[in-house]
Each structure stands twice: as C-alpha cells, then as structure tokens.
Amino acid sequence: MKAWDEIWKTKEGRSRFLVPDAFVVSLITNFKEEGIRKILDLGFGLGRHAILFAQEDFEVYGIDTSPEGLKCAMEWSKKENLFLHLELGEMSHLSFGHDFFDLILAWNVLYHGTSDFIYQTLREIKRCLRGKGYLLCTLISQRHSKYGWGKEVEEGTFVIEGEIEKSHPHHYFKRDEINQYLAGFQILKCEDKEQQLPGSFHWHILARLDSKWE
Ligand SMILES: C[S@@+](CC[C@H](N)C(=O)[O-])C[C@H]1O[C@@H](n2cnc3c(N)ncnc32)[C@H](O)[C@@H]1O
C-alpha cells in the first residue's frame, strides 16, 4: 500500500512500530503450550511481531504490500540472525495452501478496506488456517477518535482525503459486527483498547477457528 510505503521511509513513521504489542507478547507462552508452529503475519510492517515470533523459535511467514516495509524487515531480521519467509503480497489473495498455518496474526491491518474486501480477506484467512487454528488480530473501533471523520463510502467505512494513512478506506467496527465478520470463529478475547496514540481505540481479538464454512 502506497501510504504505508511512504510512512516506512521516515524515522518518525517507523518509530511507533518497533516494539511488539503487549497483548501479542502475553500470548507467546500459551501458543507454545498449544503446539503452535507455523505463523503468518499479515501486513507485517517493519516486522516487530514476525521477528518476536522467530526469536521464540516459531516458523514465521509474512506478507505485506509495502516494498519499503519488506526491506526494513529483511534488514532487521538479518541483524538478528533470523530467517523468516517474508514476501510482498496482498492479504485478500494469499499464495499459501489450505490449512497451512497454526496461527495468523493480522495486527492493525484487517480493517483497511471496504466490507467486501474484509470478508474476502477473512475467507482467505480461514482457507489457510488449519482447523482450531488461531487468529490474533485487531479491528479499528468506533470509539476511535477519528471515527466519523472524512467521507463515509459505505456504512461505518470512511476515507479522509489528504491524510496519508486514512486516505484509503478504513472500516470502523462496533462490537456486534465482530461476531458477524468472524463467523466460524470462536471469539476467546475481545477488548476495546487504546493503543499508543490518545484516542486510538482498536479491538484486540483472539479467536479460534471452529468452522471454515460459515
Ligand atoms: C498499521 S501497519 C501495521 C504493521 C504491523 N502489523 C505492526 O503491527 O507493526 C499496516 C501494514 O499493513 C500493510 N497492508 C495494508 N494493506 C495491506 C494489504 N491489503 N495486504 C497486505 N498488507 C497490507 C501496510 O503496508 C502496512 O505495512
């Protein structure tokens, strides 16, 4: 995505995406105990979570649309002496086989689009996730301070012209909708949390795949 490619080029743009989120960190031990091996980081950004998982000996794959993000993540993983399967790719059309991953992480990325796009991406996630596999993700919340800003291109989805990161559609979620979007998943945790920036509310979600066909 062009906007993120530009953001990753500046030191300031990179600065908020270098330390793994505490919720992701808190689940590592559980994932090990559950026998999780193969992890896909969708929209890995600079690689903060992909690298964390690789340091913990998981087998890590990642896709992102930003060449600049890929370059930064490759350099970072090289410095850490880690091997990760990172490539450019589009989350709505994954190149992986059925049932390939034990866990898919989609941190601050899934809501970048209109509802059709998000449903298509979730179908791909279900296809590539094995039965009882985990989805660890965030969805931007309607409590976010920018909810309602800009042009509403469909219900709950906004574009803010001229604002680099929000110049493409963002779908803001209310709690009820999440069950609908995550049909087929059992939602284990779902909390509306303020991230680093004031007013930056996102749903932090851990879900487990029950049925691929819902
Ligand atoms: C907010 S950043 C989050 C990065 C990372 N997940 C993190 O938490 O540090 C969003 C990332 O998703 C990527 N992205 C946006 N839309 C995408 C898509 N359709 N397919 C794959 N990656 C996408 C962007 O290039 C960017 O690197």
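Predicted model: local features only at pLDDT ≥ 70, side-chain atom pairs only at ≥ 80, totals over all residues.
View 1. In total, 18 residues surround the ligand, and the closest are Trp4, Gly43, Gly45, Ser66 and Met91. Residue numbers start from 1 along each chain, as its sequence is written.

**View 2. Helix 5 (residues 48-55) is largely enclosed by the rest of the structure, because 6 of its 8 residues are buried.** Buried means 20 or more other C-beta atoms within 10 Å of a residue's own; exposed means 12 or fewer, and partly exposed is in between, with C-beta atoms placed from the backbone. The buried ones are Arg48, His49, Ala50, Ile51, Phe53 and Ala54. What covers them includes helix 3 (22-26), helix 6 (67-79) and strand 2 (59-64). Helices (H or I, at least four residues) and strands (E, at least two) are DSSP runs, numbered from the N terminus. After helix 5 comes Asp57, with a positive phi near 75°.

**View 3. The largest nonpolar core has 54 residues.** Such a core is a set of buried Ala, Val, Leu, Ile, Met, Phe, Trp, Tyr and Cys residues joined through C-beta atoms within 7 Å. Strand 5 (residues 129-140) gives the largest share of this core, 7 residues. Ile39, Ala50, Ile104 and Leu135 have the most contacts inside the core. Leaving out residues up to four places away in sequence, Ile39 touches residues including Phe53, Val60, Tyr61 and Leu103. A contact here means C-beta atoms, placed from the backbone, within 7 Å.

**View 4. Three strands form an open sheet in the order 6-7-8, with antiparallel pairing.** Strands pair if DSSP finds at least two bridges between them. Strand 6 (151-154) and strand 8 (170-171) are the edges, each pairing on one side only. Strand 6 and strand 7 (residues 157-159) are joined by 3 bridges, and Glu152 has Phe158 in strand 7 as its bridge partner.

**View 5. Gly35 sits in the loop between helix 4 (28-33) and strand 1.** Gly35 counts as exposed because it has 7 C-beta neighbours inside 10 Å.

Conventions: Near = placed C-beta within 6 Å. Contact = placed C-beta atoms within 7 Å.
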